[in-house]
Amino acid sequence: MNIASLAPLAVVLPILGAALTFALNRNPRAQRVVSIGLLSLTLLLECWLLASVWTTGTASVTLGGWLPPFGVVMVVDQFSSLMLVVSSVVSLAVLVYATGQGMADGDSEAPVSIFHPTYLILVAGVSNAFLTGDLFNLYVGFEILLTASYVLMTLGGTGPRIRAGVTYVVVSVVSSVLFLIAIAMIYGATGTITMADLAVKLAGMDPGTRNLLHVMLLVAFGIKAAVFPLSFWLPDSYPTAPAPVTAVFAGLLTKVGVYAMVRTETLLFPGDTLNAPLMVVALLTMVVGILGAIAQSDIKRLLSFTLVSHIGYMVFGLAMSSVAGLAAAVFYVAHHITVQTSLFLVTGLIERRGGSSSMDRLGGLAKLSPLLALLFFIPAMNLAGIPPFSGFLGKLGLLQAGIALGTPLAITLVVGGVVTSLLTLLAVARVWNRAFWRKPEDAEYPDRVLKDTAGVGLLPRSMVGATAALVVFGVALTVFAGPLFHLANNSAEQMLDRTAYIHSVLGDNAHIPGTAAPSVQSGVQGSGK
Amino acid sequence: MSVNLTLLIVMGVLYACGIYLILERSLTRVLLGLMLLANATNLLILATGGYAGLAPLFSKSTDPHDYNDPLPQALILTSIVISFAVTAFMLGIIYRTWALARQDDIQDDAEDRRVAKTPSFDAEDDSVVPEETSEFPVTEVPAAAKEGATE
């Protein structure tokens with residue numbers, strides 16, 4: 001039996017966990033054991049999947065016995081299994097952190113009995129979106145994770161969270177409606193919603209219709225991934241949520257959007273019709289995002305803006321549609337999920353130790369808590385792309401691919417990428433200078449806790465441990481960057497080639513349309529009419 | 001593929017009203033707008049199923065072309081359930097907004113307003129640097145020791 005046929009368990013186990021923890025809502029201890037245990041089990045399964053895909057190649061599972069063009073399929077290839085493993089590592093670390101926080105606070109501030117089931121549903125939605133090979137099932141995956149995220153975003157129902165939640169829910173619903181319209185139109189045009197089948201059928205279509213469908217999908221995913229003109233909801237809504245919730249949103253939700261964009265660009269609409277607009281969008285996302293970050297005085301808001309800004313790097317890698325560019329983008333996604341989440345977790349610790357996440361109120365944290373300073377410093381430098389960290393390696397890969405491409409637009413983006421990296425360094429250095437380095441007396445409105453050296457016990461061990469584990473995982477991505485880049489390169493080759501994906505779903509006799517030719521051919525047909 | 005013109009016109013009207021309503025600042029109207037958009041999309045999916053036909057229950061005597069396409073209806077069912085859940089949640093949030101703030105409008109982000117009002121001059125970054133920035137006490141180095149060090 002092929003181990004890939006166990007892939008649906010990556011979705012089923014968290015949902016099972018959600019049901020169990022919901023039933024156990026009177027017993028927080030049992031909830032913690034069940035959710036952490038089941039998530040660890042899921043992580044083990046996903047590591048196993050990654051290993052099996054690495055040796056035997058892409059595999060697919062048909063659900064319910066309906067054969068591919070009709071039923072729902074799940075496809076495990078190198079990219080999706082890598083995303084599964086990284087996302088599970090991150091969500092496990094955040095779960096341990098949140099549990100530690102809940103235990104320390106006596107679960108008094110928020111209805112935490114709801115937290116565990118909702119969190120597991122979120123994880124199930126993310127796994128479903130990564131695994132599915134069916135466009136409508138991708139929509140369902142998005143809805144599962146979004147609905148869970150609405151609840152997590154407004155946890156506790158305080159004024160600021162409700163205010164932020166309203167914007168978030170409305171924007172997400174609009175993007176879902178757009179996605180659904182795109183699915184309906186694609187079904188109307190081709191008669192199928194299985195992605196592998198679409199890859200075959202969309203190739204021979206009239207270029208006008210094809211571009212319309214392409215743009216609609218990209219806009220819908222662009223809202224979720226927060227690329228520039230569609231990104232204004234994110235810094236508005238993320239910072240108000242509880243620290244672990246913001247951390248997991250920052251790590252996973254936007255990356256699911258990026259993942260969907262990657263699949264759209266490589267599997268459904270290969271070729272370079274929209275590469276130039278995507279590059280412009282990537283440049284604007286990077287530069288506008290980071291300029292927003294520099295203006296902020298609240299660490300959480302600043303990090304939300306760097307999150308938006310760095311999505312631009314991934315879109316840049318995607319827009320080059322070369323193996324080197326796509327490989328660097330895949331590597332960058334894995335790096336960014338880890339680093340951005342750990343920075344948000346550290347901010348949660350800063351808020352706890354220093355009494356606030358506003359830089360006007362902080363100071364002297366490096367002396368007060370050297371461990372906290374270390375935990376902030378490593379991922380901050382990693383995010384800014386200081387060598388030897390993985391952020392540097394990912395950016396280097398992107399810049400090399402950009403220079404290899406050599407078009408004026410690509411060179412502009414290379415310059416924009418370097419500038420953004422320097423500005424990111426400026427932004428995190430400001431946090432370091434103000435929150436960690438200066439004396440507490442120098443802060444504009446210093447908090448009382450800053451002078452209180454007796455507050456060492458304020459940071460529960462499990463919260464610090466979970467953050468430290470994630471920081472170490474981020475460093476491990478640097479140490480094992482060689483094999484990881486190899487994996488990213490292989491998955492980029494597979495995605496651009498498409499043969500393995502389509503054959504694993506539709507069988508070995510399926511016709512693979514040429515990658516570059518069809519748009520030209522159908523263009524001739526279109527003008528002939 | 002044949003389509004039902006009435007359904008298409010209804011769909012267009014629903015989209016127009018829905019988009020108008022979600023541009024309002026009142027939350028209840030935004031919610032109504034979202035519901036209209038969701039229903040318009042359901043009609044669109046229904047239209048992709050093509051002409052109306054027999055219920056897709058298999059019988060040997062029926063010509064395959066007489067069946068209706070069942071897939072869009074399955075999709076609509078799923079999307080109805082999802083929009084139902086989201087609508088219920090939105091209603092909860094709107095009620096909570098009313099309970100907390102006694103108003104039905106979308107509110108501004110206070111931190112965002114504050115950042116927008118910040119002057120471009122930042123006291124810490126832009127003010128004139130004082131002469132002595134070192135935190136260490138300045139000790140005069142004797143001239144003789146300096147010369148000794150250079151030699």
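Trainee: How far apart do the end C-alpha atoms of residues 6-23 of chain B lie?

Mentor: They're 26 Å apart. Keep in mind that we're looking at a predicted model.

Trainee: Okay, and what's that span made of, helix or strand?

Mentor: Residues 6-23 of chain B are 94% helix and 0% strand.

Trainee: Which residues of chain B does UniProt annotate as "transmembrane region"?

Mentor: The UniProt record, an unreviewed entry, puts that label on residues 6-23, 30-54 and 74-95 of chain B.

Trainee: What about 74-95, how does that one look?

Mentor: That span of chain B is 100% helix and 0% strand, and its end C-alpha atoms sit 32 Å apart.

Trainee: Zooming out, how many helices and strands does chain B have?

Mentor: Chain B has 6 helices and 0 strands. Reading from the N terminus, you get α-α-α-α-α-α.

Trainee: What share of chain B counts as buried?

Mentor: 19% of its 151 residues. As for contacts inside chain B, take those with a separation of 6 or more: 56% of them join residues 24 or more positions apart.

Trainee: New topic. How many residues does each chain put into the contact between A and B?

Mentor: Chain B brings 30 residues and chain A brings 28. On the chain B side, helices H2 (27-48), H3 (71-101) and H4 (110-117) each supply at least two residues.

Trainee: Which helix gives the most there?

Mentor: H3(B), with 14 residues.

Trainee: And what classes of residue are on that side of chain B?

Mentor: The side of chain B that touches chain A has 20 nonpolar, 6 polar and 4 charged residues.

Trainee: Now chain A. How do helices H13 and H15 of chain A cross?

Mentor: H13(A) covers residues 323-354 and H15(A) covers 370-384; their axes come within 9 Å and cross at roughly 150°. Angles over 145 degrees count as roughly antiparallel, so that's what H13(A) and H15(A) are to each other.

Trainee: Is the crossing left-handed or right-handed?

Mentor: The crossing of H13(A) and H15(A) is left-handed.

Trainee: Which residues meet there?

Mentor: From H13(A), they include A:Val339, A:Leu343, A:Val346 and A:Arg353. From H15(A), A:Leu372, A:Phe376, A:Pro379 and A:Asn382 are among them.

Trainee: How many of each class are in that contact?

Mentor: The contact of H13(A) with H15(A) has 11 nonpolar, 2 polar and 1 charged residues.

Technical notes: Residues are numbered from 1 along each chain as its sequence is written. Chains are lettered from A and ligands numbered from 1 in the order in which they are written. This is a predicted model: local features need pLDDT of at least 70, side-chain atom pairs count only at pLDDT 80 or more; totals for chains, interfaces and linings use all residues. Two residues are in contact if their C-beta atoms, placed from the backbone, lie within 7 Å. Helices (H or I, at least four residues) and strands (E, at least two) are DSSP runs, numbered from the N terminus. Ala, Val, Leu, Ile, Met, Phe, Trp, Tyr, Cys and Pro count as nonpolar, Asp, Glu, Lys and Arg as charged, and the others, Gly among them, as polar. Axes are lines fitted to C-alpha atoms, for helices over the stretch in contact, and angles run from 0 to 180 degrees between N-to-C directions. Angles under 35 degrees count as roughly parallel, over 145 as roughly antiparallel, 65 to 115 as roughly perpendicular and the rest as oblique. A crossing is left-handed if the near helix is turned anticlockwise from the far one by less than a right angle, and right-handed if clockwise. UniProt positions are given in the numbering used here, feature names are shortened, and annotations may be inferred rather than shown by experiment. A residue is buried if 20 or more other C-beta atoms lie within 10 Å of its own, exposed if 12 or fewer, and partly exposed in between; C-beta atoms are placed from the backbone.
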